[in-house]
Amino acid sequence: MISIVTPSLNQSKWLRLAVASVADQKGVTVEHIVQDANSDDGTRDWLARDKRVRSFFESDQGMYDAINRGLARAGGDVCAYLNCDEQYLPGALATVAKFFDSRPAVELLFADVILVDKRGEPISYRRSILPTQRHLRVAHLNTSTCATFFRRRLLERGFYFDPHWKAIGDAVWIDRLLSANVRMAMLPKPVSVFAFTGENLGASTVSRTEGETWHRQLGKASQGFRSEIVWIHRLKKMMAGAYWPRRVEIDIFTLQSPEKRQHFTRKGIGFYWPGLD
């Protein structure tokens, strides 16, 4: 079984899409846990009655505290978290389950992501590569949480998220896993979409401020040879085909169609994510 946790706070219209994208996954057993921090935008009115999810309404100390609460309740062999502004593509979780079944030593899996605008139109194809601690500590986390999956045994070893952080907890978490030499792997195909709404937490002032704070805590040594590290990272992405223009076809839920996936096709999609080098 795969357990998906979604932290929620006043994002009812986007949450509907995330829930729908988990609910119609085929070929795999899935539980979807939604941790809602007592939203006052009508979320409770429909979510509490939605039998496709296990919903919990309680105050928390931020997104990562909510994710930890959900993960503590999860029973799946493989876990992940999906934010309200994200969703899975058809067949994504069956593909992930098959990968883990065939690679028993792998504990953490990253896959590709497609960035879409508010209407659902594709605007970027994000080819991921394995993160390195050197790059993570001088730049940013180059993988996307909506395409990150891990075995439950990491939680059993204590690898929960640090709720002290409000926006960069996933980067700090990956840094810990890299330090622990956790076995990671790549799945070079898209399994999810991220909707760039203009209000995403990763693009917020909180995220930038926390990133600066974390880098200061790491010390000047971690910032050495930053330019060289970033360029090596870009070279690796180029070799992985990250910058190639490509044709993208996706079926996703949209704000205009929250109950039925809509088909989008776009040619010449490249690599783009606002604010990241």
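In this predicted model, strand 8 (148-151) and helix 7 (169-179) each supply at least two residues to the lining of the second largest cavity. Between these elements, it is helix 7 that gives the most to this lining, with three residues. The second largest cavity has a volume of about 70 Å³. For readers who would like to find the cavity in the structure, the residues that line it are Y81, F110, L141, T143, S144, T145, T148, F150, F161, D170, W173 and I174. Sorted by class, this lining holds seven nonpolar residues, four polar residues and one charged residue.

In the largest cavity lies about 90 Å³ of space, while the volume of the second largest cavity is about 70 Å³.

Of the 18 residues in its lining, W14, L17, Q87, A195 and F253 lie nearest the centre. Helix 1 (12-23), strand 5 (86-88) and strand 9 (184-195) are the elements that give two or more residues to this lining. Helix 1 gives the most, contributing three residues. The corresponding figures for the second largest cavity are seven nonpolar, four polar and one charged.

Attention then turns to the cysteines. A search of the whole structure finds zero disulfides. C79, for instance, is in no disulfide, and the nearest cysteine sulfur, that of C146, is 17 Å away. C79 is also buried, with a relative accessible area of 0%.

What is the closest cysteine sulfur to that of C146? The answer is the sulfur in C84, at 13 Å, which is too far for a bond. A disulfide calls for a pair of cysteine sulfur atoms within 2.5 Å, so the 13 Å between the sulfurs of C146 and C84 rules out a bond there. Is C146 buried or exposed? With a relative accessible area of 1%, C146 is buried, because buried means under 20% relative accessible area. C79, at 0%, is buried as well.

Definitions and conventions: Residues numbered from 1 in each chain as written. Predicted model: local features only at pLDDT ≥ 70, side-chain atom pairs only at ≥ 80, totals over all residues. Heavy atoms only, no water. 1 Å grid on protein atoms, 1.4 Å probe; cavity = no way out; pocket = protein on both sides within 12 Å on 5 of 7 lines; lining within 4 Å. Points joined across faces, edges and corners; volume = space filled by probe spheres on them. Helix = DSSP H or I, 4+ residues; strand = E, 2+ residues; numbered from the N terminus. Nonpolar A, V, L, I, M, F, W, Y, C, P; charged D, E, K, R; others polar. Buried < 20%, exposed > 50% of the residue type's maximum accessible area, 1.4 Å probe, protein only.
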